[in-house]
Every structure is written in structure tokens, then in C-alpha cells.
Amino acid sequence: MTKVTALPADDKRCAWYHLSNQRQVKPSHSGKSSARWAVIGAGYTGLAAARRLAVNFPDDEVILIEAQEVGYGTAGRNAGFAIDLPHDIGAEDYIGDIEIAKTTLKLNLLGQSILQTLVRQHGIDCHMRASGKYQGAVEKRGIAVLEAYQRGLDKLGQEYEVIGEQDLPQHIGTSFYKKGLYTPGTVLLQPSALVKGLADSLPSNVTLYENTPITEVEYGDKVVLKHANGQITADKLILANNAFGQRFGFSQIQRTMLPVFLYASMTRPLTEQEQSQLGGKDFWGVIPSDPFGSTVRRTHDNRILIRNSFSFNPNGRPKQHCLDRFVHRHKKSFENRFPMLPEVDFEYTWSGSLALSQNHKGFFGQLAPNVFGALCCNGLGITRGTVTGTLLADWLAGQRNELIDFLLETSGPNKVPPEPFLSIGVNATLWWGQMKSGLES
């Protein structure tokens, strides 16, 4: 018997969740059920895995289990960038090994393609646009990062546009940035709306249970998942719950994933006069040159999102005092970028977790007899979660291809130090990174 000692409990003011269409939440599980397949986690990875299993095994029932409500948790809390390009922050040119980068690009493009197809097929209203992204820099160090990334993109043969300080306001309104690098392949979207739509368009042989946190597991010839109101027995289990997967008793992934939380705020909609004062395009996204800087978006309904500031939460739960503290940093970041909008206030502030590994690698494959996992997306959950969930289900159906082989051969996330050394090291790294980000934050 393995007891699951940490369960998600996200904060309540995520703009994406509240601004997306309400849906009929599926009932939580009760009593006893059985199926050939069980998938834990109804984020991008779990939704993709359950959907593909249902297609690959049309005569089998697939049970998909979500601890909270779909669209409320991590998958609905990111900034909504479905990014195509590899971005290896450990490499000098942010591309690194060219063959790995090429395969990573194929993975990300496949993830994008899967989502775009599903959005079209099922009419999912998630404001998805292939609008590209801007990477903005303010200080010399940030500009040097953009120049290094240009060299990497040249090596990879990818299209980009360098935008100077004078021209950037025509694109994004603000004159805050000194240099921008535009890449056209990113897709922007409303993440909670996407996840809700994916959940409500699952094949008929997938049964989704929401608000059903698993608290105990028995492993053997079958896997028994227990919760407060019953149990689910499955022939095979897929873990698709990122950092929480560490809590399910497997040594190869224990102490490998860091639940790092990022914080975001979103304004009320801009008035027509404020939109005119801002200028620029009506829909865009900026990521920072410095990893500890601010991500900024103008949304389909003319709101501004600011996302920055980090905390390390080993139990996978948000910290209210961080929310209270970081909203002031969001306001300062907003004021720096948008002095022409002095009367615009934030309407929502929330946090969302990333599953990060020290070596920037995820887990893909078998954990034990009858147990498999696709875990640790390292901040690229929309595309990477979608593609790894899909390919894991294909591999379980006996398929092999270049991308599956690449994922199976990847070494996986490495071990991190035990507590208290882990928290001391991660918190020091986060503090120093945020301090030196300077104006990029």
C-alpha cells in the first residue's frame, strides 16, 4: 500500500478559469469501478493519453481521474503560449545539440498540430491564434541573450525577425523594451478554455471523474486506486500528474521534480480610449529574455496579463503570502511597461505550478509492471504534455517511431538533494535569479 501524501489545492482567483465558459462538471467517483486503463491527471498530458488510448483500444474503457475540476488546476493557469521552438536555457545559444533540437522541434510541432486539429474538429472556443511570440529585452544582458538566441535559430534554420526599439511600439504598444525578437510559430490561447473543451470532447469510452483525489494505491497484477468514497481497479495505470507523480511510490522519479510556482495578474478589460492610448496590435504575447523576467500578454478581450515571481513549494500547494506579496511586483512591472494606462487595475491574481527538473528532462516510459508515466514538462506543458501523452498511448499500442524512440532513450530527470538542502538551494537560486533580472522583471 502506498499512501499519497500531497494533493493539489490551487488558489481561487485564476482569471483564465473564471473568464472561460462554464461547463457541467463531471461527478466525482464513488463506489467500486474497474477498467483496463486508468489515467491520473486531466491536464494536457492526461487528456491526450486518455483520448489516444480510447482511439487505439476502442473496445476498452478508459477512466480518467482528476483531483480538482478540469481547467481549474495547473493546466489552466499558464500564460497560454503553445511554443514550437526548443529553448535550452542550459546552452549558450539556447539551442544546444542540433540533433536534439531538431527532434524537440518535431515534438513541439506535433503537439501544436494535435491541439489545432482538436480545436477545429470540436469547435473549442479557446481563442487560439497562430500569432507568434515576441521575446523582449531591456538591459544589455538581455540583449546579449537575444543575440545568442539568434545565432541558435540560424543554426537550426528557423525564421525570425529582429525588431528595434523604435519599431516595437507598433507591435506591442509599449516602448519599454530596447530590442525584440519575433518568431512566428508560437500559438497563443486561453489555457483553461482549451482544457475544458478537450475534456468535454473525449471519446465515448473515456469516463472522466473530477474532484477525485487518489489517496492510496495498491500495486500488483492489477492497480487499485483508493479515495475517500471508493476505489478504482485498473489493469494498467498511467501517471500524468507531473510533480505529484513523485508521491506514488516509484524510486526512479522520487526527488526528481521541483514544484516551482509562478504568479500572474490580469487587468480588467481596457476601454476603447485606453486601447487607443496603448496602440500596437490587439493580440500578442511577450516572453522575457531573462528566465526570471516578466511574461506579458494582451488577450482577446483586451486585458493585460503580467506573469513573474517564483516560489518553491515542495508540497505542490500555493502560498497565500506569496500571492499577497507578488501582486505588488506585478503592479510595478505593469507601471514600467504601460505608463499610459495609470487607471488600469488588476482584477485577478493567481499562481500556477511548473514541474521542473534539474537537467531539464522529463520521464517517459514504464515505472513498474502495469504502471507507466509521462511526467515533468519543464514549463512547456501545452505542447510537450499533449505530444508525450499521445505518444505514450501509441507506444502502449505497440507503435514505434523516431519521436517515441527519442523519448524512451532520454535519460529522464535526475535526482535532487534531500531536504533541507534542496529548499535552501532552490530558494537561494530563485532569490538570486529574481534579484539579478533587474528591469527585465
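Arg23, Asp200 and Glu210 are linked in a network of salt bridges, a salt bridge being a side-chain nitrogen of Lys or Arg within 4 Å of a carboxyl oxygen of Asp or Glu. By this rule the count comes to 19 salt bridges. The model is predicted, so that local features need pLDDT of at least 70 and side-chain atom pairs count only at pLDDT 80 or more, while totals for chains, interfaces and linings use all residues. Residues are numbered from 1 along each chain as its sequence is written, and side-chain values use heavy atoms, with hydrogens and water left out.

**Salt bridges**

- Glu99 pairs with Lys102 in a salt bridge whose closest N and O atoms are 3.8 Å apart; because the two stand three residues apart in helix 3 (residues 98-122), about one helical turn separates them.
- Helices (H or I, at least four residues) and strands (E, at least two) are DSSP runs, numbered from the N terminus.
- Lys102 is partly exposed, with a relative accessible area of 37%, where buried means under 20%, exposed over 50% and partly exposed in between (1.4 Å probe, protein chains only).
- Asp235 forms a salt bridge with Lys222, with 2.4 Å between the closest N and O atoms, and this pair links distant parts of the chain, 13 residues apart, since Asp235 belongs to strand 12 (residues 230-239) and Lys222 to the loop between strand 10 (216-218) and strand 11 (223-227).
- Asp235 is partly exposed at a relative accessible area of 27%, and Lys222 is partly exposed at 45%.
- The side chains of Arg303 and Glu347 meet in a salt bridge at 3.5 Å, N to O; Arg303 lies in the loop between strand 15 (295-298) and strand 16, and Glu347 in strand 17 (residues 346-356), so the pair ties together parts that are 44 residues apart in sequence.
- Arg303 counts as buried at 6% relative accessibility, whereas Glu347 is partly exposed with a relative accessible area of 34%.

**Second largest pocket**

- The second largest pocket holds about 360 Å³ of space, a pocket being, on a 1 Å grid over the protein atoms alone, an open set of points where a 1.4 Å probe fits, with protein on both sides within 12 Å along at least five of seven lines.
- Of its 24 lining residues, Phe310, Arg325, Phe326, Arg329 and Gln434 are the closest to the centre of the pocket, and lining residues have an atom within 4 Å of a point.
- Strand 16 (304-312), helix 8 (320-337) and helix 11 (421-436) each supply at least two residues of this lining, to which helix 8 gives the most, with eight residues.

How values were computed:
Points joined across faces, edges and corners; volume = space filled by probe spheres on them.
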